[in-house]
Amino acid sequence: MFFGLSIGLGIFAGNLVSYLASSVRPRGWRITQAMTSFPAFTITLAGFVLADTPTFLIRTNKHEQALRVLRKLRGHNDVMVEFEDLLKATEIAEQVEAQNSYRALFRKRNAPQFMMAILFPLFQQFSGNDAIVFYGPFLFRAAGLGERASLYSTLFTGISVLVGSVISIFAVDKAGRKTLLLLSTLIMLFCMVAAGTIFAVGIKGTVTRLSGAASGFELAIVCLYLASFSASWGPLAWIIPSEILPQDIRSAGQSVTVFTSMLFKFVIAQTFLSMLCSFKFATFFFFAAWLFLMAIFALLFVPETKAIPIDEMVDRVWRTHWFWRYFVTPQKDGGSKLASVEMKPSFDPPIPAPITVHPGGT
C-alpha cells in the first residue's frame, strides 16, 4: 500500500513542478523535462549502494552475506527464524521452478490465479485513471479553465491521489479487499457518468466551454474519482495477485501482471486523445461501461483474501468459491501443492497384513 502512496507523491510532485514552471515563459516546459532527470539520477546512484536481496544471495550460495544483509535490513541480530524460513522457501522455489512455471500457468488448477493476474491490471488501466492523470490539464481546459488554472487544478487531483492512498493504507485490513474494491468502483462509476453528463449537457451547439459552476463541479468529480481509484484499484491490482499466486507460478504470474499493466497503459496513453476528439463526452461513458464490468467482477468473482496465508489460499478461498471451485481439483490428502512440496513423510508406510492360508481356501 505504501507503494501506491509513493506513486501518489510522485504524481503530486510532477504536477507541482509543471505548475511552477508554467510561469517561466517561454521555456518553462524545458524545466519540467529537465526535472525528470533528478529522480533518474537518484535511482542510478542508489543502484551502486543498494544491497542484493537475501533471497538472491541464498540462491547464489552466499549464505553468510545473506545473513548480514538480513540483519542490516531488520536492524537487529535476532533473524535466524526468518533466515531459516528463507532457506526453506528458496529450496522449494528451486524445486518448483524446474517444472517450468510459465507452462504451469495454463494448467486448469491455476486458472483462477492466472485470470486474476490478467484481469486486475487490465481493469486497472481501462478504469480511465491514467487517461485523467496523463491528460488532466487538457480535460480542465476543455471544461472552461484557462491554461494556468488547468495546471493549478492538477494540484488538487494530486492531493486527491494522496488522500486516497492514505485511506487505503488504513482501510485495506479493516474493511477488506473485496469491500474496498466494490465500494470504490461504484463511486468511480458514478463519477464517470456524472463527468460525461456534464460535458454532454454543458458543451453543445455554439457553446464550447463549461460554465464556472459546471467547471468547479467537474473538478470535484474528478478529484473524488482519483481518490477512489487510489484507495482501491491503484494498489489492490498489485496486492491481490501477489497474495494469491502460489509458489510454483509466483514469478511467472507476477511478470504477466506487470506486462498486462504496461501493455494497456501504453494503449490508453496512445488512444485517449483520439477517442476524446472523436467520441467527445461519450469517452467518459466508454470508461463507465468498463467500470460497470469491474463492479460485477468485484462482486461475483473476486474472493476476500484478507488475513489468509498463501499456503492456505487454495483450500480456504478457491475451493469454497461458487465459480472458481470448478477449476481447482480436490486434493486427496486435503493439502495444497505447496504443502505437498514442503511436507515429507517422517514414517514408513504400513506393512500389509500377512495372508493366512486355510485348508480349502485363502
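This briefing walks through the main features of one protein model. The model is predicted. The protein has 18 helices and zero strands. Buried residues make up 41% of its 362 residues.

**Overall build**

- The protein exposes about 20400 Å² of surface, and carbon and sulfur atoms supply 67% of that area.
- Take the contacts with a separation of 6 or more: residues 24 or more positions apart account for 73% of them.

**Transmembrane annotation**

- An unreviewed UniProt entry places the feature "transmembrane region" at residues 38-58, 114-138, 150-172, 179-199, 219-240, 252-273 and 279-302.
- In the model, residues 38-58 are 81% helix and 0% strand. The end C-alpha atoms of residues 38-58 are 34 Å apart.
- Residues 150-172 are 96% helix and 0% strand. Here the end C-alpha atoms lie 33 Å apart.

- Helix 1 has 20 residues. From first C-alpha to last, helix 1 reaches 28 Å, close to the 28 Å expected at 1.5 Å a residue.
- Buried residues in helix 1 include Gly-4, Leu-5 and Gly-8. Asn-15, Tyr-19 and Ala-21 are buried too.
- Residues three or four places apart in an α-helix point the same way, because there are 3.6 residues a turn.
- Pro-26 lies in the loop between helix 1 (2-21) and helix 2 (28-35). A cis peptide bond joins Arg-25 and Pro-26, with omega about 5°.

**A buried threonine**

- Thr-90 is found in helix 6 (residues 80-97). Thr-90 counts as buried because its relative accessibility is 5%, and the cut-off for buried is under 20%.
- Setting aside neighbours within four places in sequence, Thr-90 is in contact with Thr-55, Ile-58 and Arg-59.

**Positive phi in two loops**

- Asn-61 has a positive phi, near 60°, though it is not a glycine. Asn-61 is found in the loop between helix 4 (54-59) and helix 5 (63-74). Its relative accessible area is 67%, so Asn-61 is exposed.
- Ala-307 also has a positive phi, about 60°, and is not a glycine. Ala-307 lies in the loop between helix 16 and helix 17 (313-316). At 68% relative accessibility, Ala-307 counts as exposed.

**Salt bridges**

- Side chains of opposite charge can pair when their charged atoms come close.
- The whole structure holds six salt bridges.
- Lys-265 and Asp-130 form a salt bridge, at 2.7 Å from N to O. This pair links distant parts of the chain: Lys-265 is in helix 15 (residues 250-279), Asp-130 is in helix 9 (residues 129-134), and they are 135 residues apart.
- Lys-265 is partly exposed at 24% relative accessibility, whereas Asp-130 is buried at 9%.
- Glu-312 forms a salt bridge with Arg-316, and their closest N and O atoms are 2.7 Å apart. Glu-312 is partly exposed at 32%, and Arg-316 is partly exposed at 45%.
- Asp-315 and Arg-319 meet in a salt bridge at 2.1 Å, N to O. Asp-315 is partly exposed at 28%, and Arg-319 is partly exposed at 21%.
- Salt bridges that share partners join Asp-173, Arg-177 and Glu-243 into one network.

**A nonpolar surface patch**

- Phe-292, Leu-293, Ile-296, Leu-299, Leu-300 and Trp-322 make a nonpolar surface patch of about 570 Å².
- Leu-300 is found in helix 16 (residues 282-300). Leu-300 is partly exposed, with a relative accessible area of 35%.

Methods: Residues are numbered from 1 along each chain as its sequence is written. This is a predicted model: local features need pLDDT of at least 70, side-chain atom pairs count only at pLDDT 80 or more; totals for chains, interfaces and linings use all residues. Side-chain values use heavy atoms; hydrogens and water are left out. Patches are made of residues with over 30% relative accessible area and no salt bridge: like charges are joined within 9 Å, nonpolar side chains (Val, Leu, Ile, Met, Phe, Trp, Tyr) within 5 Å. Accessible areas come from the Shrake-Rupley method with a 1.4 Å probe; for residues, only the protein chains shown count as cover. A salt bridge is a side-chain nitrogen of Lys or Arg within 4 Å of a carboxyl oxygen of Asp or Glu. Helices (H or I, at least four residues) and strands (E, at least two) are DSSP runs, numbered from the N terminus. Buried means under 20% relative accessible area, exposed over 50%, partly exposed in between (1.4 Å probe, protein chains only). UniProt positions are given in the numbering used here, feature names are shortened, and annotations may be inferred rather than shown by experiment. Contact means heavy atoms within 4.5 Å. The expected span of a helix is 1.5 Å times one less than its number of residues.
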